[in-house]
Amino acid sequence: DEQLDLDDGRWEDIHVVTGALKLFLRELPEPLVPFSHFDKFIAAIKIQDLSLRGRCMRDLVQSLPPAHHDTMKVLFCHLCRVVEHKEENRMSVQSVAIVFGPTLLRPASEEANMAMHMVFQNQVVEHILNHYGYIF
């Protein structure tokens, strides 16, 4: 309920804004990719056949609840614009995926193979960024 003045100088630092966005997404009761979809996305990114992987990922994104899907569409559109300026901001597709992967999709419970999951979480975000037009 706090009213923020976005013209306040403290919001000029892009790291503050990005940190606030990541914190908001991380503190959602359920991640942008719902817990019920986590294993499905991890299984899809492991598919070796690239065409089948692409269709599966698109179908999974389309199957998300409307609020999750629509938020993801807007967020990834913005992240694609960030990547377009990678020469100036040093945020390549891989960098964005590393930063946002574990925030956007995570398992319902922390597991022993968390490090392995992180690789796949990043790959899912990278795939969606690289195929945004096809997926959305």
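Guide: On a 1 Å grid over the protein atoms alone, a pocket is an open set of points where a 1.4 Å probe fits, with protein on both sides within 12 Å along at least five of seven lines; lining residues have an atom within 4 Å of a point. A volume is the space filled by probe spheres set on the points, which are joined across faces, edges and corners. The model is predicted: local features need pLDDT of at least 70, side-chain atom pairs count only at pLDDT 80 or more, and totals for chains, interfaces and linings use all residues. Residues are numbered from 1 along each chain as its sequence is written, and side-chain values use heavy atoms, with hydrogens and water left out.

The largest pocket holds about 560 Å³ of space. It is lined by 18 residues, of which Ile14, His15, Val17, Thr18 and Val82 are the closest to its centre. At least two lining residues come from each of α1 (14-26), α4 (66-84) and α6 (93-104); these helices are DSSP runs (H or I, at least four residues), numbered from the N terminus. The most is given by α1, with seven residues. By class, the lining has 13 nonpolar residues, four polar and one charged. Here Ala, Val, Leu, Ile, Met, Phe, Trp, Tyr, Cys and Pro count as nonpolar, Asp, Glu, Lys and Arg as charged, and the others, Gly among them, as polar.
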